[in-house]
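Subject: Structure handover

Hello,

Here is the structure, as promised. My notes on it follow below.

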Amino acid sequence: MDRNPETEMEKITRLSGLSLSEEEKKILFSDMSRIVPYMERISKLDTSSVDLFDESEPAALREDEEEESPIASTIVSSAPESSDGMFSVPRIV
Amino acid sequence: MTREEILKLSAYELSQKIREQKVSSFDAVSAVFKNIDEHESNVHAYLSFWKEEALQKAKECDEIVASTPDVSGLPPLFGVPVAVKDNLLLSGKKATCGSRMLSDYIAPFTATCVEKLLSAGAIVIGKTNMDEFGMGSSTEHSYFGATLHPMDPTRVPGGSSGGSAAAVSYGGAFAALGTDTGGSIRQPASFCGLVGLRPTYGSVSRHGLVAFSSSMDVAGPITRGTRDAAWLFNNVTGADPKDQTSAGVPKVELSEMESYSVSGKRIGIPKELLSDGNISGQLQKAADFFTSHGALVEVFDMPVLEYAVAIYYILSSAEATANLARYDGVRFGYRAGGAPEISELYTKTRTEGFGREVKRRILLGNYVLSTEHFNDCYRQAERARKLVCRAFSEAFSKYDFLICPTSSDVAPLLGTIDQDPLSTYIADLCTVPASLAGIPAVSVPFGKQMSRDGSCELPWGLQILGPRCGEQEILGAARFVERGGEDRV
């Protein structure tokens with residue numbers, strides 16, 4: 001965590017698309033203040049021998065073929081709000 | 001057969017009896033629902049089930065058996081009632097993932113592994129409770145309320161597939177599918193005295209498994225015995241064009257499992273997976289058991305595993321953050337009211353839709369992926385994961401399989417597991433290494449152990465880990481344990 005953990009956590013919360021109550025902040029920020037240092041222990045590990053790109057297995061590829069999706073209308077109609085086969089969202093502009 | 005006699009059958013035995021017409025599928029499904037009626041209000045293993053529909057399907061199965069001259073052509077699980085975890089899609093049924101976010105979500109298609117179960121003739125009777133999106137190890141983090149341990153309702157059944165384990169344990173299903181990201185099949189199986197197999201990553205398609213951590217998620221069986229575990233695995237495995245990471249792997253030969261012996265086998269115990277570096281209690285008994293049957297058992301060093309929990313939580317939280325970004329109230333699931341502007345809709349929906357543990361993981365994931373920490377945390381964890389894979393490759397060049405406890409403890413009391421999240425994460429030490437390496441691991445019951453408070457004895461699971469595609473070896477060893485090492489059959 002940086003020198004001002006509170007500020008950093010506020011930023012992370014915004015990035016996460018969340019809005020926390022004061023009570024939740026107290027609990028979750030306190031948890032993070034213990035969890036993050038534990039996770040950051042891995043910086044001690046010598047990983048200089050690893051080349052991620054050398055050791056990654058090549059992904060299995062397939063032809064990019066167009067096909068009909070029989071469930072497209074089901075998916076759109078099960079959205080919280082939809083109309084005319086499209087997802088509805090609040091006015092943006 | 002009486003209801004009690006039917007419920008004592010394994011799933012495999014039931015399938016044989018159904019085709020021999022010694023037990024009807026209708027009676028088997030009825031027996032299971034009688035148990036559900038008796039236990040469900042106390043245990044809460046299921047989030048949904050469909051009794052009439054299941055009984056109707058059972059009747060149809062029985063009619064087909066009665067009118068089929070050669071039953072050998074019937075699919076293997078014909079008429080056998082099974083349950084599936086609620087993060088596996090079944091078309092037309094709810095798939096809530098234990099979350100408010102998906103509380104009314106109806107699956108528009110069926111997961112490949114569930115489709116395979118259905119094609120194999122199984123009757124899926126319901127969807128089981130789970131920690132929200134698979135994040136948790138007690139099934140207390142379900143929006144719909146906790147599942148309780150069927151043997152002791154003051155305790156948790158483990159998680160996140162706690163509903164699947166509890167249902168199989170009390171006879172609410174003959175077998176179940178769970179999913180395992182960091183131990184979610186193995187740990188509840190251990191707590192409930194069951195067999196839980198985390199298959200090789202990619203051997204079971206993830207298509208239709210609601211994503212938590214895509215590089216580690218895998219579906220697998222929770223069963224009362226090792227034979228059922230292997231049998232279910234054989235029926236859900238296979239490459240799937242809808243999952244790029246899936247691959248065909250060898251099926252398990254059930255007859256070879258029966259004749260398996262540990263005599264002459266080399267077995268390793270990673271020192272870092274022992275709580276104080278020493279073998280104690282049940283694990284010592286397991287080591288003695290293997291040694292007495294002619295195996296060589298030794299403790300060896302795998303120093304990178306000291307970092308396994310940190311590596312796992314960095315990578316799984318980062319992947320969870322990306323996977324859960326799709327829940328924004330627009331395309332599916334919960335949408336918060338009273339948000340006239342789009343960014344407010346996103347934030348309000350996610351804030352109201354996710355529970356606390358999920359929020360904790362999202363925060364951690366965004367922390368390790370943020371510009372300031374990406375290289376030191378996320379990239380470093382990716383590199384460290386390669387070291388874990390190398391360490392396992394080296395270990396399997398020396399040992400046929402590895403053993404360790406599935407969990408450092410038996411099932412804990414309700415409410416105790418969430419008091420300290422970091423300690424709860426660290427308790428996953430024995431299950432996350434196999435997840436990082438993508439190797440198969442099975443938890444098999446190995447007697448009972450006294451709870452920490454000394455109040456009762458509860459099941460304890462021995463974990464057996466093998467190399468990629470090593471299901472035959474680890475299930476053979478698990479079967480040997482289950483048989484108590486009796487002479488080859």
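First, a definition: axes are lines fitted to C-alpha atoms, for helices over the stretch in contact, and angles run from 0 to 180 degrees between N-to-C directions. Helices (H or I, at least four residues) and strands (E, at least two) are DSSP runs, numbered from the N terminus.

This is a predicted model, where local features need pLDDT of at least 70, side-chain atom pairs count only at pLDDT 80 or more, and totals for chains, interfaces and linings use all residues. Residues are numbered from 1 along each chain as its sequence is written, while chains are lettered from A and ligands numbered from 1 in the order in which they are written.

**A helix pair in chain B**

The axes of α11(B) and α14(B) come within 9 Å and cross at roughly 125 degrees. That makes α11(B) oblique to α14(B) (under 35 degrees is roughly parallel, over 145 roughly antiparallel, 65 to 115 roughly perpendicular, the rest oblique). On the α11(B) side, the contact uses A308(B), I311(B), I314(B), L315(B) and A318(B). Residues from α14(B) include C377(B), Y378(B) and V388(B). Contact here means C-beta atoms, placed from the backbone, within 7 Å. By class, this helix contact has ten nonpolar, no polar and two charged residues. Ala, Val, Leu, Ile, Met, Phe, Trp, Tyr, Cys and Pro count as nonpolar, Asp, Glu, Lys and Arg as charged, and the others, Gly among them, as polar.

**Where the chains meet**

The contact takes 44 residues from chain B and 39 residues from chain A. On the chain B side, α14(B) gives the most, with nine residues. That side divides into 26 nonpolar, seven polar and eleven charged residues.

**Chain A**

Chain A has four helices and two strands. Their order along the sequence is α-α-α-α-β-β. The radius of gyration of chain A is 23 Å, well over the 12 Å that the globule rule gives for 93 residues, so chain A is more spread out than a compact globule. The radius is taken over C-alpha atoms, and the rule is 2.2 Å times the number of residues to the power 0.38. Of the 93 residues, 13% count as buried: 20 or more other C-beta atoms, placed from the backbone, lie within 10 Å of the residue's own.

**Helix α2 of chain B**

Seven of the nine residues of α2(B) (residues 11–19) are buried, so this helix is largely enclosed by the rest of the structure. Among them are Y12(B), L14(B) and I18(B). Q21(B) follows α2(B), with a positive phi near 60 degrees.

Best wishes

Key
Two residues are in contact if their C-beta atoms, placed from the backbone, lie within 7 Å. A residue is buried if 20 or more other C-beta atoms lie within 10 Å of its own, exposed if 12 or fewer, and partly exposed in between; C-beta atoms are placed from the backbone.
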